[in-house]
Amino acid sequence: MLSCDICGETVSSEPDMKTHLLIVHMENEVICPFCKLSGVNYDEMCFHIETAHFEHSTQERNFERINTVPYGSSDNKKDNTLQGRTEVNSSIHSACASNHPKKSAQNLPEDGALKHDLYSENLTESRKFMKGREKQPCLTEIKGSIYETTYSLPECPFCGKIEDHSQDMETHVKTNHADLLDTPLEECDRPLYDCPMCGLICTDYRILQEHVDLHLEESSFQQGMDRVQCSNDLELAHKLQQEEDRRRRSEESRQEVEEFQKLQRQYGLDNSGGYKEQQLRNMEIEVNRGRMHPSEFHRRKADMMESLAVGVDDGKTKTSGIMEALQRYYQNAATEVRHVWLSTMVDHFHSSLGDKGWGCGYRNFQMLLSSLLQNDAYDDCLKGMSVPCIPKIQSMIEDAWKEGFDPQGASQLNNKLQGTKAWIGACEIYTLLTSLRVKCRIIDFHKSTGPLGTHPRLFEWILNYYSSERERSQKVVCTCKPPIYLQHQGHSRIVVGIEERKNRTLCLLIFDPGCPSREMQKLLKQDIEASSFKQLRKSVGNLKHKQYQIVAVEGTLSPEEKAARRQASQVFTAEKIP
């Protein structure tokens with residue numbers, strides 16, 4: 001391999017070199033790479049370099065041989081040698097390709113004085129070269145001379161530090177700036193630190209600590225934001241829950257008020273007036289609808305006011321003689337009936353315009369009292385009494401409460417009945433009869449005792465009440481027993497007898513205050529139609545309410561027994577039939 005002395009290019013043979021010289025250098029201006037001499041041909045330039053720059057030429061050739069044949073065993077030395085050769089060759093090439101202005105051969109002096117001086121100088125240098133060949137410098141001196149001549153001292157590109165040799169500079173960069181290199185270097189002996197959070201590799205522990213602190217600050221900030229967000233969410237949820245609870249309580253309160261008002265209206269405690277107000281209002285409606293003449297309105301109003309003043313019922317809703325008619329019917333007809341037991345005489349009272357919808361309890365008391373008034377056994381405690389009107393009955397119950405009877409029931413009705421449409425039930429009937437010294441008791445049939453919600457035990461008890469002696473010889477038995485007050489949820493009636501049919505089934509005979517007198521008067525006819533008994537007869541299958549209470553009269557009370565019952569009524573509980 002041959003190397004061009006001018007530009008340093010390498011060719012494989014002498015013909016190639018000549019071709020290279022002819023094409024690259026003969027046709028261009030030849031410039032000395034060391035002293036910038038120009039204006040001479042190639043042979044003169046070669047002689048000039050060999051003589052005037054013998055030392056540089058020798059160093060170059062020796063340095064090329066050094067690069068061709070590696071010396072030493074260290075890999076670092078090989079790398080440094082290769083780097084040095086490349087840098088020197090590049091320098092020489094740069095020198096040959098100088099940017100100095102070109103000078104053509106025509107611009108040279110015609111007298112050839114410069115050539116003569118050049119040859120003389122080259123000749124002198126040639127002699128010096130021949131003598132200097134005997135003392136050729138060593139490899140280390142050549143290498144140092146090349147570096148000293150061609151390069152300046154290396155400077156660190158990161159911190160600007162200057163080292164004497166490139167190898168020292170390389171060690172400096174690897175040691176102090178390894179974290180700035182693209183890839184970690186195995187030659188760097190400094191320990192590496194991995195971030196436990198993101199895996200970043202750091203060469204300095206302090207840098208790693210600052211990096212981890214940033215992670216922790218970010219995590220703490222995020223946790224703080226999460227806590228704030230969580231707190232805001234909890235606060236919002238709490239407010240929403242409070243608002244929902246407030247709406248729910250408001251809705252429940254509204255529903256409770258509506259239900260309470262509904263119950264008040266249902267049980268006549270809405271302060272809308274009592275019997276008198278309702279009677280007048282309904283009669284006015286009848287007049288407005290043309291069903292009642294104004295003169296009739298004024299006449300009935302006057303009768304009502306007189307009745308209320310006296311406290312006695314005006315009898316306009318009463319139907320008498322039904323029990324006698326029933327006795328005749330069962331004696332002459334009713335072939336399907338085997339036995340029948342009837343209570344003492346009872347007058348039927350039905351509801352009027354003044355108590356329609358709420359007066360059944362009062363009308364049942366009137367029927368029961370009408371029977372007691374016709375029974376001589378109760379003359380002692382009921383002497384001088386008449387069947388009272390509804391406002392009078394309310395007043396009598398209030399008087400019983402004032403005596404101390406049934407304080408719990410009194411409190412439930414606000415200790416007031418007059419002027420209201422309040423319902424009364426078995427407890428109020430018991431209280432009123434007891435205050436009149438009429439002996440009675442309440443029996444509670446609190447659950448069904450037969451299939452399909454029926455109460456056969458109720459029928460058996462009433463049968464035993466009327467037929468204690470079990471008269472079997474007679475078909476019709478007129479007992480001395482008063483009628484029985486029968487109460488269930490929302491309504492009450494009066495039991496006036498019981499019949500046993502030939503198929504051994506039982507039917508109660510019931511007076512209903514809801515049945516108008518024109519229907520009851522049909523029972524007074526000589527030939528009672530079978531259809532008229534539908535409103536009287538109630539079989540086991542007709543009574544399917546969940547619970548029933550009855551008030552049965554059993555005689556009279558002495559003043560002492562009355563006081564004892566008054567005391568007992570303060571903790572009174574009804575007798576329950578299992």
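This is a predicted model: local features need pLDDT of at least 70, side-chain atom pairs count only at pLDDT 80 or more; totals for chains, interfaces and linings use all residues.

Mentor: Residues are numbered from 1 along each chain as its sequence is written, and side-chain values use heavy atoms, with hydrogens and water left out.

Trainee: Which aromatic pairs count as edge-to-face, and which as stacked?

Mentor: Rings of Phe, Tyr and Trp (its six-membered ring) pair if their centres lie within 6.5 Å; planes under 30 degrees apart are stacked, over 60 edge-to-face, and the rest tilted. The whole structure holds six aromatic pairs. In one of them, tryptophan 358 and tyrosine 362 have ring centres 5.8 Å apart and planes at 80 degrees, so the pair is edge-to-face. The rings of tryptophan 461 and tyrosine 465 also have centres 5.8 Å apart, but their planes are at 10 degrees, so this pair is stacked.

Trainee: Where do tryptophan 461 and tyrosine 465 lie?

Mentor: Helices (H or I, at least four residues) and strands (E, at least two) are DSSP runs, numbered from the N terminus. Both residues belong to helix α17 (residues 456-466), four residues apart, about one turn of the helix. The charged end of lysine 481 sits over the ring of tyrosine 465, 4.6 Å from its centre; for this, NZ of Lys or CZ of Arg must be within 6 Å of the ring centre and within 35 degrees of the ring normal.

Trainee: Is tyrosine 465 buried or exposed?

Mentor: Buried means under 20% relative accessible area, exposed over 50%, and partly exposed in between (1.4 Å probe, protein chains only). Tyrosine 465 has a relative accessible area of 8% and is therefore buried. Tryptophan 461, at 16%, counts as buried too. In the other pair, tryptophan 358 is buried at 4%, and tyrosine 362 is buried at 0%.

Trainee: How many salt bridges are there?

Mentor: A salt bridge is a side-chain nitrogen of Lys or Arg within 4 Å of a carboxyl oxygen of Asp or Glu. The count comes to 25. One of them joins the side chains of aspartate 313 and arginine 363 (3.3 Å, N to O). This pair links distant parts of the chain, 50 residues apart: aspartate 313 is in the loop between α10 (294-310) and β7 (318-319), and arginine 363 is in helix α12 (residues 360-373).

Trainee: Which side chain meets that of arginine 501 in a salt bridge?

Mentor: The partner is glutamate 336, at 3.8 Å, N to O. Arginine 501 lies in strand β13 (residues 491-501), 165 residues from glutamate 336 in the loop between α11 (322-332) and β8 (337-342). Glutamate 336 also forms a salt bridge with arginine 537 (3.3 Å, N to O). Glutamate 336 is partly exposed, at 30% relative accessible area, whereas arginine 537 is buried, at 16%.

Trainee: Which residues form a nonpolar patch on the surface?

Mentor: Patches are made of residues with over 30% relative accessible area and no salt bridge; like charges are joined within 9 Å, and nonpolar side chains (Val, Leu, Ile, Met, Phe, Trp, Tyr) within 5 Å. Accessible areas come from the Shrake-Rupley method with a 1.4 Å probe, and for residues only the protein chains shown count as cover. Here Leu22, Ile23 and Val24 form the patch, with about 250 Å² of accessible area together. Valine 24 belongs to helix α1 (residues 14-26) and, at 32% relative accessibility, counts as partly exposed.
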